[in-house]
Amino acid sequence: MKAVWTPTRQYIESTRLFRWMSRLGFTKYEDFLKASTDDIAWFWQEAEKELGIVWNEPYKQVLQLERGIMWPNWYVDGRMNIVSSALERWANNPKTAQNPALIWEGEQGHIRQFSYKQLHEDVCRVANGLRREGLQKGDIISIFMPMIPETVLTILASAKLGAICLPVFSGYGADAIANRLNSAKAKFLVTADGFYRRGKKINMKEQADLAADKAPSLEKVIVVRSINSEIDRKYSRDIEWQKIFSSEPLYETCMMPSNAPLMLLYTSGTTGTPKGAVHTHSGFPIKAAFDAGIAMDVTLGDRLFWYTDMGWMMGPFLVFGGLINGASIMMYDGVPDFPTPGRLWELTEKHQVTHLGISPTLVRALMKHGEDWPQKYNLSCLRVIGSTGEPWNPEPWKWLFESVGKGRIPIFNYSGGTEISGGILGNVLVRPIAPIAFNSPIPGMDVEVLDDEGIPVTGSVGELVVMQPWVGMTAGFWNEPERFVKSYWSRWKNIWVHGDWVYRDANGYWKITGRSDDTLNIAGKRMGPAEMESIIVEHPLVVEAGTIGIPDQVKGEVAVCFVVAKDKKNESESLRNDLLQLIATKLGKALSPKAIYFVSDLPKTRNAKIMRRVIKSAYLGKDSGDLSALENPKALLEIRELGENSRL
C-alpha cells in the first residue's frame, strides 16, 4: 500500500498527538506507540490527565486485574460524574461558557444553537424534571429519539442523576425496541411524536407505544413534540416533555464510582438476542474523547459533525468525544441528500465543520450525483474527514479524497466497535495515509494479527486481536457475563478476538478485508469478501457488491456475488461477463465466482454495514436470526428466491 497523503513536519508538530507525546518525552511516534502498550496503566493515567477529566475523589490505582484480563477495574476507588468533564467545567468557566456546545439543524432547515452555559442550564432543568417523575440513581432510561437537541439533553441529564441511559435506534420497529427495553428492564422511555424524512412526517410515537405495551417494567413515557404532530392515542403513562423541561434547574450532580454503569449500547448479531454492552462513566466517554481529541485532533473550539444516529455507537461518541474536548457538536436530523444532493456539503460549509464523519456506503450514494455537488461549496473549514462503519472500496475512497477533499484533507479511517467504545485501528495524523487502509493502531490498543495457530503474521490475512485491556472496553454484557466471555475470549486464552479479518503489510499499513466469519476459503486460498467486491465496484456500471462463500463439492467453497447496478437497464449478460473477466484477470480464474446475480439492493444494517452473513443464510435457505438491525429486510426476499432457484 502506497501513501497518497503525507503530513508535513509543520503539520505533524501542530497536532495534539505530537504535542502531547513530546511533553511526555517522545520524539518518535513509533517509540510512543510502543510505550502506550508496554505500560497500559501509565498510558491511560496520562491520557485522562491530558483530557482534563474531573474527579470528585481521586482514584487510588489506575488498573486492577484481580478478576483477570477480561474484567479490568480502571481508576480504582475514584469518584466522578462524566457530566462534570463534558459540560460543567466549560459552562462554569467564563472563557468558554458562551462557546457553542451544540448546533442542530433539521431537515426542514430549522436551526437551534446552544452555548455551553445554556446547554448546562437546560440539562439541569431536564435532570430535575426526570428526578421529580421518579428517575433515580441506577434506573434505566431508554431513548428512542431522532437526532434532536432533546436527545443530548436526556443523555446528559440521566448521567447527571446517576441513571443508566439506553439509546435505541430511531428507525427500529416496536419488537426491536421492546426486546431492548425488556432485556434492560427499563423504567423510563423518552420518545418523540416523529421526524421528517425527505419532507414526509414519520410517526415515531406509534412504534414507541406498541413497544411500551410489551415492556412491563416501563413506568413512564416522556414525549417530545418534535414535529407538532397529532398523537392519536394517549396513555396514562405519557408525560409531555414540556412538563419535564419547565422544572427549576438541579445543579447538584450525583458523584459515582468510576466503574458505575453510564450507558447500555445494544448490538445485534445474525443469531440470538441483541447484546447489551455495558459502559461506565470512566470508560466509554474517556475512550471516545481520547480518540476524537488526541487521534483525530479535535480541540477546543472545533466543530465535530458525525452523520449518525444516537442508537449507534457513533452517536454517543459524537456527544462525549466532542464535549469533553470543548468542541461544538453538530447534529443533523434528516437525509444527507435532501432536498438536493449537496445537503451534506452545504451543512459542512454553513456550520463551519472542522471534522466530518461519514460512512463508505454514504459516499457511494453521494458519488452517483457527481463531483459537481461538493464543488459548489467552500469546504476550506474541513480539516479531517472521519470514516467508519465498514471496509472501503478504492473508488469511493479516491472520489472522497480527490473530488471532495482535493487531496488536502486526511481521511481518518476508523474501525473498532460498540464494545470498544471507539477505535482499534485508525489513521493517526502524524503518519502518511494510504487509500482504504489504516496507518496505526490507536495508541493504547495492543493489537496483533494472528493466524489459525495463534502466531503473529505480517503479509498475510489473519484474525484481529487485542492483547491487553483498554479504557472503554465494555464491562461485559448486561446480565450475561458468560455470553461476553464466549463472544470475545473463548478462542485463545486472555486474548480479545474482535472478529475482523485483517491484512498487515511490511510498511505498517493495515487493511480490514471483512468479518472473519465472512472469510472465503476457495481451493485452499483464504480471502476477504471485500477483496472481490472492490474489483467489482471498479466497473463504472456498478454501485456496490456483496460476496459470500457457499459449499462446493470440488473446491470446498466457491464465491457468489450479488451486484447492484447503477441502473436497471445495465443488468445484462454482457455486464456479468465483464465482471467475471475482471475478477479472473485480477485474482485468477481459480478464484472466479460461481455466479454473479443482479439485485435491487443489498441487506444492510441501519448504520450501513452490508450483512454478508444474512445474505449467505438467505441464499442457502437458512434461518437468518435477529434482523432487527436491518434497514431493508425486504432485500432478503430477492436473495432467498435466487437461492431457491439455484437449487432447483
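**View 1. Buried residues of helix H6.** In H6, the buried residues are Tyr116, Leu119, His120, Asp122, Val123, Cys124, Val126, Ala127, Asn128, Gly129 and Leu130. Buried means under 20% relative accessible area, exposed over 50%, and partly exposed in between, with a 1.4 Å probe and protein chains only. This is a predicted model: local features need pLDDT of at least 70, side-chain atom pairs count only at pLDDT 80 or more, and totals for chains, interfaces and linings use all residues. Residues are numbered from 1 along each chain as its sequence is written, and side-chain values use heavy atoms, with hydrogens and water left out. Helices (H or I, at least four residues) and strands (E, at least two) are DSSP runs, numbered from the N terminus. H6 covers residues 116-132; at 1.5 Å a residue its 17 residues should span 24 Å, and the end C-alpha atoms are 24 Å apart, which agrees. The expected span is 1.5 Å times one less than the number of residues. Glycine 134 follows H6 and has a positive phi, near 110°.

View 2. The structure holds 37 aromatic pairs. In one of them, the rings of tryptophan 20 and phenylalanine 290 have centres 5.8 Å apart and planes at 70°, so the pair is edge-to-face. Rings of Phe, Tyr and Trp (its six-membered ring) pair if their centres lie within 6.5 Å; planes under 30 degrees apart count as stacked, over 60 as edge-to-face and the rest as tilted. The pair links distant parts of the chain, 270 residues apart: tryptophan 20 sits in H2 (residues 16-23), phenylalanine 290 in H11 (residues 284-295). Tryptophan 20 is buried, at 2% relative accessible area. Phenylalanine 290 is buried too, at 0%. Ring pairs join both into a cluster with Phe26, Tyr29, Phe32, Trp42, Phe43 and Trp44.

**View 3. The open sheet S21-S22-S23.** Three strands form this open sheet in the order S21-S22-S23, with antiparallel pairing. S21 (415-417) and S23 (440-441) stand at the edges with a single partner strand each, so one side of each has no neighbour in the sheet. Two strands pair if DSSP finds at least two bridges between them. S21 and S22 (residues 422-426) pair over 3 bridges. Glycine 416 stands opposite glycine 423 in S22.

**View 4. Strand S31 and its partners.** In S31 (residues 556-565), 9 of the 10 residues are buried. S30 (residues 542-552) pairs with S31 in the antiparallel sense over 10 bridges. Aspartate 552 has glycine 556 as its bridge partner. S31 and S32 (residues 595-598) run parallel, joined by 4 bridges. There, cysteine 561 stands opposite isoleucine 596.

**View 5. The second largest pocket.** This pocket has a volume of about 440 Å³. A pocket is an open set of points on a 1 Å grid over the protein atoms alone, with protein on both sides within 12 Å along at least five of seven lines; lining residues have an atom within 4 Å of a point. The lining counts 25 residues, of which Arg67, Pro72, Asn259, Thr280 and Ala475 lie nearest the centre. S2 (73-76) and S15 (275-280) each supply at least two lining residues. S15 gives the largest share, 3 residues.

Methods:
1 Å grid on protein atoms, 1.4 Å probe; cavity = no way out; pocket = protein on both sides within 12 Å on 5 of 7 lines; lining within 4 Å. Points joined across faces, edges and corners; volume = space filled by probe spheres on them.
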